[in-house]
Structures are given as structure tokens and as C-alpha cells.
Amino acid sequence: MNALQTPPLGLDREAAEVRIGPSIDLEADLAGMYAVADRARAADGELDRMNPEGFVAYYRTLEHFDLARDLVLARRDGAIVGYARVEWADSNDGERWYESACLVDPSIRGRGLGGRFLAWTERRRAEMAAADAAAGIALDRERWMTTYNRDGDPGGDALLRGHGFEAFRRFHSMERPDLEAIPDLALPAGFEIRPIEGEAAIRAVIAADNEAFRDHFGSVDTDESVFVQMMADPDTDPSLWVIAFDGDEIAGGVLNGIHVGHDGTARGWCDSIFTRRPWRRRGLARALISRSLERLRDRGMTSAALGVDAANPNEALALYESCGFRVATSATAYRKALPIPPAT
């Protein structure tokens, strides 16, 4: 079965048993996992829809993940109806996060599977943290168990709070409902928009984007893993990107794409908007967003969307609102502290 084929659930017997166990063959299981994740996004009202190829590429490039220990699947009548995954990441502000993702098919939410998954992730993450401590790893970092939940899944919020997790960050998907009356904003003096063609140019943009986000909330994947994910994703189209140069240096850019939603409607996405530190506070991002909206409109799009950290220190939320974007859906980041044992 290739990544584009998603198996039917076949969940017509209410009393069918749900079994949780490890993935025997990740490649064989990815289609079923994608189907669950896709249905969950649709049920939660999320604007963005990861395509199957992008989903597969993401799992193939996870850097701090052990298939034998860090993934469990729930099956019902042989069909995958949920999964939970854990991994670790070092955040940009010096913390170590033991992260989890728990996805349950909407048709069986509220029957205890999410709680079983969460309990497993807590046990596994405690094991990971203990192993790090025994090896003297990350003892100088504040350590947390972290996860995210979309607002369209209130049961997930209740479950996390009931297990002692606290909300600590908010994220929004924002939409500009039309691409009319786009302001004509001149580029600040000294900048030039250039096309991005060929592997070397794409890699340079990825490196600049990653560098720009190293002082933002969260963690950053390696340039190589991002490149592999992008090249495997059929939505990647560098001809839609709007990249500004100052001489030979990439100063900032908007990585645009066209995504098809759950309703079959194509929407333009400003997938990543970045300005490197030396070129911030000059109006460059606003001018690049304006040109991005024009480029998406020229490709036949009638609306555009983007994602934003609500607490972005560079006031990104206000910038996007000034460009006509409005909050459509939201998600919350949760965390729970892990004790740091003394070094030995």
C-alpha cells in the first residue's frame, strides 16, 4: 500500500476490542496512521491538512525517535484507530522537552483510549528522562513533558489538565478570506527579490529560515531533515516562494504553498515567514507578505492562511492581522515538570 492509499476503518461493531501494541513495520503502518491523523484534523476544524507524502517524510526523518520503543498503535478489527508517539527535543531557550503526540480516531473518542495513550507516554517519557539523567545528559536543563492539543478537541484539554499538565503557549491558524485589495508595498531600500532554483538555492533558503527561528519558541529540525521533508512533499513549490536578498545574503522570505483542505478547496498558505536578525524592524516582512498574496492570487487562489505563535516576541500576530489575516482555529501547548535528579 503506498502513502496515498488510506484503508477503511470498518468500525461497525461497537463492542470490538481495541488492542494497543508496537508498530511492527512503520512503512506498512504509515497509511493507517495518516488516515487517523487526517480524520482528527478534520474533526477538530483545523485549516491545514498535511498530505500523505509529507506525513511519511516526517516520520522517516524523525531524529530523536526509536521505533521499537517510542511508538504504539491501537488497532480495532485489524484497522489502526489511534497511535501515540514520544521523542525528545532541546528547545531554543535551553530546556529539554520529552514530547508526545496522541491521535485517536474521532469515531472512538471519549472511550478511554486517549487516557491509555497518555499514561503510556508518561511512563515512556519518564524512562527517557531517567536514562538521560543516569548518563549525565541534560542535567543543566529544565526538563518538561510537553504536548499540544487543538481547541476542536475539548476532551483532550480536559484529559491533559486532569493528568496535571498546564497550558503554557497558544498557537493560531489564521486566514485571509479573500485576496482582494492587497496593499502595494515597496521593498525597503537595498533588497531584491530573486527566484529560487536548484538544490543549492533551496538548501540556502532552508538554512536561512532555520537560523531565523533559532531565537523563537520551540525547537528547530536540522537543515538536512527539513530538506528531505520538503523534497518529499508534493506541495513544495519554490516558484511560489518570495525571497529577499541583500547582496549575496538571504535577508528574509515567505515560503508559500498551495494546500487542498478537507473540503476539497485549495487555499494558499504562507508556510513560513522569516526575517533574519540583521534585517528586522525595516518593514521587510510586511512587503514580502504582500508580494506573497499577489503571487498566490496569480496562481488562482482566493484565500490564504498561515500559522502563528500567539506570544511571538516580534509581534507577528499583530503584523498578520494588519495584513488582513484573522484567527480561524487555535491549539494549546501543555507541559508537566520532570524532576531533575542530582548528578552522579
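Biologist: What is the mean pLDDT of the protein?

Modeller: This is a predicted model, and its mean pLDDT is 90, with 93% of the residues reaching 70 or more.

Biologist: Which elements have the lowest and the highest mean pLDDT?

Modeller: Strand 1, residues 18–22, has the lowest at 82, and strand 8 has the highest at 98. Over residues 1–16 the pLDDT is below 50, although that stretch has 33 contacts in the model beyond near neighbours in sequence.

Biologist: OK, the inside. Which residues of the largest nonpolar core touch the most other members?

Modeller: I289, L306, Y320 and F325, out of 30 residues in that core.

Biologist: Which elements supply at least two residues of this core?

Modeller: There are strands 8 (242–246), 9 (249–260), 10 (266–275) and 11 (304–309), together with helix 8 (284–298) and helix 9 (316–322). Helix 8 gives the largest share, seven residues.

Biologist: And what does Y320 touch?

Modeller: Leaving out residues up to four places away in sequence, Y320 touches M174, I273, I289, L306, G307, V308 and F325. Apart from this core lies another of 20 residues, which includes V104, F117, F165 and L338. As a general point, nonpolar side chains in soluble globular proteins tend to be buried together.

Biologist: Switching to rings. How many aromatic pairs does a search of the whole structure find?

Modeller: Seven. One of them is Y58 with Y59: the ring centres are 5.5 Å apart and the planes are at 85°, so the pair is edge-to-face.

Biologist: What about W97 and F168?

Modeller: W97 and F168 also form an edge-to-face pair, 6.4 Å centre to centre with 80° between the planes. W97 is in strand 4 (96–104) and F168 is in strand 6 (166–176), so the pair ties together parts that are 71 residues apart in sequence. W97 is buried, with a relative accessible area of 3%, whereas F168 is partly exposed at 22%.

Biologist: What does T146 touch?

Modeller: T146 touches both W97 and F168, and also Y98, E99, S100, R125, Y334 and R335, not counting residues up to four places away in sequence. T146 lies in strand 5, residues 143–150, and counts as buried because its relative accessibility is 3%.

Biologist: You mentioned R335. Which ring face does R335 lie over?

Modeller: The face of W144, at 4.1 Å from the ring centre. Elsewhere, the charged end of R203 sits over the ring of F227, 3.8 Å from its centre.

Biologist: Last topic, helix 2. Which of its residues are buried?

Modeller: Helix 2 covers residues 52–60, and its buried residues are P52, G54, F55, V56, A57 and Y59.

Biologist: What covers them?

Modeller: The cover includes helix 1 (26–43), strand 3 (79–90) and helix 7 (223–232).

Biologist: And what does a side-chain oxygen of N51 reach at the start of helix 2?

Modeller: The backbone nitrogen of E53, to within 3.2 Å.

Terms used
Residues numbered from 1 in each chain as written. Heavy atoms only, no water. Helix = DSSP H or I, 4+ residues; strand = E, 2+ residues; numbered from the N terminus. Buried < 20%, exposed > 50% of the residue type's maximum accessible area, 1.4 Å probe, protein only. Contact = heavy atoms within 4.5 Å. Core = buried A, V, L, I, M, F, W, Y, C linked by side-chain atoms within 4.5 Å. Phe/Tyr/Trp six-rings, centres within 6.5 Å; stacked < 30°, edge-to-face > 60°. Lys NZ or Arg CZ within 6 Å of the ring centre and 35° of its normal. pLDDT = per-residue confidence, 0-100. Polar contact = N/O pair within 3.5 Å; in protein donor to acceptor, adjacent residues only side chain to side chain.
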